[in-house]
Protein chains: 6
Amino acid sequence: MNPVEEFNAYRSEMNDKILAADNKVLKRIFNLDTNTFAEGALDVKTKEMLGLACSMVLRCEDCIKYHLEKVHELGVTKAEVFEIFSIANLIGGTIVIPELRRAVEYWEALDKQKNKA
Amino acid sequence: MNPVEEFNAYRSEMNDKILAADNKVLKRIFNLDTNTFAEGALDVKTKEMLGLACSMVLRCEDCIKYHLEKVHELGVTKAEVFEIFSIANLIGGTIVIPELRRAVEYWEALDKQKNKA
Amino acid sequence: MNPVEEFNAYRSEMNDKILAADNKVLKRIFNLDTNTFAEGALDVKTKEMLGLACSMVLRCEDCIKYHLEKVHELGVTKAEVFEIFSIANLIGGTIVIPELRRAVEYWEALDKQKNKA
Amino acid sequence: MNPVEEFNAYRSEMNDKILAADNKVLKRIFNLDTNTFAEGALDVKTKEMLGLACSMVLRCEDCIKYHLEKVHELGVTKAEVFEIFSIANLIGGTIVIPELRRAVEYWEALDKQKNKA
Amino acid sequence: MNPVEEFNAYRSEMNDKILAADNKVLKRIFNLDTNTFAEGALDVKTKEMLGLACSMVLRCEDCIKYHLEKVHELGVTKAEVFEIFSIANLIGGTIVIPELRRAVEYWEALDKQKNKA
Amino acid sequence: MNPVEEFNAYRSEMNDKILAADNKVLKRIFNLDTNTFAEGALDVKTKEMLGLACSMVLRCEDCIKYHLEKVHELGVTKAEVFEIFSIANLIGGTIVIPELRRAVEYWEALDKQKNKA
């Protein structure tokens, strides 16, 4: 498995276990997550970019990977994604740089996976 | 002075004092702040929305006010700004709600100021 | 108005405005908030104490006030609430102390209000 | 070694090294940690649940594992621990979900270890 | 009362109430706080500068005021304190700027108070 | 490769890729990072200690490693570095302990590398 497949496999396996535990609040939070990023007054691309920037300043590595994959699928360019990174690094400071390194690595993995397909 | 004028007056007065202290690093950070939100691969409106969402999840009240004023000037609608709020509150959790209350209050102040003008 | 009434009046006024904006995600988050703290496998008192401790380590002042009022109503004693404070201050560090000061002040206001009633 | 043994072995080895360095403040913080979670006005089970919830909203993975093991030993049920998770995820937002996934994985490891014993 | 006296009066009044509640953990944390910043392998000035920088990146306003007063008393110059500010703002990002504004305001208050004495 | 070499190799490889992307804001942030820690009103050793303490309370593992290497090179003693750790753990709370464990492990790796050289 490549890094993208590995991340998604673990994510998917654990999400299934969480939902199987049948805690109503957690199920609703997961459900809400889907609704929040659906087309609305703002388009999906803008929303996913907002999700990515927020994840980055909060230094949530798995959240960054998740939104990176979404914006990659939605055709956000490398120049655009680097501008999102620059905003997150300015606002969140140099402690965001380690997440930036891993985001750049994951972006490359997303590029590779797409080229193979 | 209304709340918007009050915030901007304090912000402007203190920024002047900070720049007057002539610390090169701080001056460059302030300068960089301007450049980061300039038109680029992403347009100014998208960038300011990213700045607003990041400020909200990080619960930086003055940063929220600053970006709220920017997006208000740029014509972001109430429905759009509430979608930004919803993303920030989902990602950042209910600890963001107190900032949401103050943001809604400030948005009203921005509306009032605009209507008077 | 005493500090407790003042906090609740502002909170209530702004919550009404937020809900009036009719953003579905925010409405569901508010709704979920009510459900999460309802009786379940854990009793309401335990849940509110968990909410208080989490609010304190995250230094969310309004959230602390909200949960302080709840645990006060539920009969949590001063000795118990100080043990919650001690856990939050140990885990979250001395940056939690300013919130501790305000929490102790608010606890006194809750005591006063109850005694008057 | 299973994941639980691995975590505890590393934790124990490094704690020994920290205490061996003979820094009085760090030794007292470690000592205080033990006292804080001892029986008091609140019972040990409640205190450990508070510790778990705080660790989760602060996204401290090792702290979560430590308190998960404690509440597991104290007989907290799966339904109860998921209610703690739900409170932490509501208050701390969806950035807590990655920690939730790892917590669920670790809870399973604790179950397995107990069944073997 | 000037802003410095006001801050110290509130801080002192609430600390007394916290200590009067006789929670052993909180008392030890307060005691530990004093010991941590005492002369050791590092001198008091360096330690207080470390306390100030940490308080700033964590955006703990009261903690910043406390350490600002200490470094002011210890003869830290304006150029030095601005270099601490610059490090905190680079590492912690532009969300630290609102704290920077208030810190500069408080530094002026400390200057004024000293000149009057 | 030992842990120090491994960390630096990854850091260096990814930094090159980030700079190659030619985003002006990110390049300036990287450049500013170098300037901020240069000799000024405060000496380099003090600045690096400030950087280490800030990185620790913000729980940025890679940032801690980076500044640990710097202070190690600058001749900060084990007793001194443990006092920095103690300040960070007091201010930031016990959630900093996992970072403390990894910092102590990395400090040993730095010692080993130096002795081999």
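**The cysteines and their surroundings**

Author: Let's start with Cys63(C), which is buried at a relative accessible area of 11% (buried is under 20%, exposed over 50% and partly exposed in between, using a 1.4 Å probe and protein chains only). Before going on, bear in mind that this is a predicted model: local features need pLDDT of at least 70, side-chain atom pairs count only at pLDDT 80 or more, and totals for chains, interfaces and linings use all residues. As for bookkeeping, residues are numbered from 1 along each chain as its sequence is written, chains are lettered from A and ligands numbered from 1 in the order in which they are written, and side-chain values use heavy atoms, leaving out hydrogens and water.

Now, the partner. Cys63(C) is joined to Cys60(C) by a disulfide, S to S 2.0 Å (the rule is a pair of cysteine sulfur atoms within 2.5 Å). Cys60(C) is buried too, at 4% relative accessibility. The torsion about this S-S bond is about 55°, so the disulfide is right-handed.

Over in chain A, the sulfurs of Cys60(A) and Cys63(A) sit 1.9 Å apart in a disulfide. That one is right-handed as well, because its torsion is about 55°. Cys60(A) is buried at 3%, and Cys63(A) at 11%. Chain F has its own bond, between Cys60(F) and Cys63(F), with the sulfur atoms 2.0 Å apart. Over all chains, the count is six disulfides.

Cys54 is another story. The sulfur of Cys54(B) lies 5.0 Å from the closest cysteine sulfur, in Cys54(A), so that is too far for a bond. Cys54(F) is in no disulfide either, with the nearest cysteine sulfur, that of Cys54(E), 5.0 Å away. Cys54(B) is buried at 0%, and so is Cys54(F), at 0%.

How do the copies relate? Chain A goes onto chain B by a rotation of 180° with 0.0 Å of shift along the axis, RMSD 0.0 Å (least squares on C-alpha atoms of residues with pLDDT of at least 70 in both). The two copies are thus related as by a two-fold rotation axis. They also use the same surface, as 100% of the contact residues of chain A recur in chain B (contact means heavy atoms within 4.5 Å).
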